[in-house]
Amino acid sequence: MTRYILRRLLLMPFLVLGIVTLAFLLTTVTKGDPLTAIVSERQMNNPEVVAAAKARWGLDRSLPERYVIYVGNLLQGDMGTSFITRRPVAQDILYRLPATMELVISAMIIGTAMGITLGVLAAYYRNTAVDHVARLFALFGSSVPVFWLGLVLLYVFSVQWGVLPGPGRVDARLTLPPAVTGFITIDALIAGDFAVLVNALWHLILPAFVLGWAVAGTISRLVRANMLEVLSREFILTARAKGAGELRVVFRHALRNTLVPTLTVIGYSFAYLLTGAVLTETIFSWPGMGSYVVDAARGLDFPAIIGVTIVGGMVFLITNLLTDIAYVMANPRVRLS
Amino acid sequence: MVAVPAPRFRRPRWLSIPMGIGLAVVGFWLLATVLAPVMTMYDPLDLVGRRLQAPSWEHWLGTDTLGRDVLSRTLHGARNSLPIAVIVVALAVIIGGGLGAISGYVGGWIGAAIMRLVDITLSFPPMLLAMAVAASLGPGLQNATVAMVIVWWPVYARLMRAQVLEVREREHVEAAVVAGASESRILFKHILPLCWTPMLVNATMDLGQVILLAASLSFIGLGATPPTPEWGAMISDGASQFYSWWVAFAPGAAILTIVLGFNFIGDGLHDYFDPRSK
């Protein structure tokens, strides 16, 4: 097992370099002229301004040159300067990452809870109405466009009924606690500001639910399949014969035996959460990486696009690695071989 | 007297209830793809009435921010989304399947190189990669299509490779080798025909996922350009008109139903080919 983990770790730098190279290449084989993002339209005919802008942003150098410079800077944590915000991309991303993480982690908690509940119910009441409803509910979550679901729920719960707050992380009237982690909920807890904490949690409900529902489908499908398999095993019969209650049979005996694959699918759903976050953030005016990259894509802000793509790829790579390692460690059959 | 039961329609095994629903829904949208101009009274691009009218007898689903008929635009939206989904999945299956088969059957450094490219491409969250490619190619449905193929082919390469590796070890292949069949004959006659089932199930479900991704790209302004009637772009248009819910409602419902439809069909196919999992 140590050899497996070592091999995976040794492979990492190459994958990271691959990610960087691919992200860099994809955004340079471009038809859209990044100059339009930097130079105003009127100045485009002024060769001096254009040349100055090219020199300023390094666009006058050759592609290999730019690549070497980019990778060199990247090693020092420098991802270039955003055309739009005119700030270092790395700084922008660091500033916006906590908002995305807060949303994604909340969504993961909701999605996992929903997915496991639905999966267990569906498997236990196999082929009954409960099973069908649970499966339909799960399928709905993975079929609905998150940006549309977000709109619909905002309209119903915020505009029509007024029970949940509108877009944003907290009400604008509140003053934020000093940023320690960047997670507003945790920062509020540290500062002991319960008004902000409650408000932030209320604001999290809708976007986290929308995003969580999307992964609940995948999780519940897998939990159901595994539960069905486990529930038909002999040790379940034994447990029942010994007089164990149904709740105990389901949760202590059956569910525990499905945890390894469940853990794996939760780890992998991270990619979908990141993907979904891009769209959810746009709808909920969530100031995270998603809305940042959408603005960047609309404005041909290539340093920002490459930066977010690379960070997204790295986050994805690391979660997948951790998931794989957790899987190997938790699975005795793989562990021993 | 013995009552003779009336001969009744026996449902073939492949036609489960979800499968039936899925086929009906997808069938409806297929119909819309072909017949949208005949099914609607208004041209999807014409300004046919006042702006932002609520649903009424004249405009069943209301009018949008420019006064175009939402129903007509929604039905015409199928003419963009469905063909794009088919093209993307078909290209992904051909490119990915081909490279996966080469990687699995030929192996060697070519096979390894292909799989490393697959690994790297799959290291990106799909939406981010699609956005980066679409942004650098510029807006437009064609460029979005290219971006989605780039994101999607590795999935099929991995799937095909796994299949080929598995089937290659079976006895009938060994028998063919012993019988002196040529390499290409073994690959095309003895291995590939057994590999397409999981590809088919996957492809059906992916049709829905591609429609979702295409709509997402258009929603953030990287796919369809105005005034194309495209579902994602229509929702984006409606998102700015919060109190006129009908502008965004219909296109979203269209995406939801068609993706559900493809998922139902995919599930049905899955259960049919692998009854144990039911």
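Modeller: Let's start with contact: two residues are in contact if their C-beta atoms, placed from the backbone, lie within 7 Å. This is a predicted model, where local features need pLDDT of at least 70, side-chain atom pairs count only at pLDDT 80 or more, and totals for chains, interfaces and linings use all residues. Residues are numbered from 1 along each chain as its sequence is written, while chains are lettered from A and ligands numbered from 1 in the order in which they are written.

Colleague: How many residues of chain A are in contact with chain B?

Modeller: Here 40 residues of chain A meet 36 residues of chain B. Helices are DSSP runs of H or I with at least four residues, strands are runs of E with at least two, and both are numbered from the N terminus. Several helices of chain A each supply at least two residues of the side touching chain B, among them helix 1 (2-28) and helix 14 (302-330).

Colleague: Now chain B. At what angle do helix 8 and helix 10 of chain B pack?

Modeller: Axes are lines fitted to C-alpha atoms, for helices over the stretch in contact, and angles run from 0 to 180 degrees between N-to-C directions. Helix 8 (residues 196-219) and helix 10 (residues 246-273) of chain B pack at about 170°, with axes 9 Å apart. Angles over 145 degrees count as roughly antiparallel, so helix 8 of chain B is roughly antiparallel to helix 10 of chain B. The residues of this contact divide into 14 nonpolar, six polar and no charged.

Colleague: Why does B:Phe273 count as partly exposed?

Modeller: A residue is buried if 20 or more other C-beta atoms lie within 10 Å of its own, exposed if 12 or fewer, and partly exposed in between; C-beta atoms are placed from the backbone. B:Phe273 counts as partly exposed because 13 C-beta neighbours lie inside 10 Å. B:Phe273 sits in helix 10 of chain B and touches B:Thr197 and B:Val201, leaving aside residues up to four places away in sequence.

Technical notes:
Parallel < 35°, antiparallel > 145°, perpendicular 65-115°, else oblique. Nonpolar A, V, L, I, M, F, W, Y, C, P; charged D, E, K, R; others polar.
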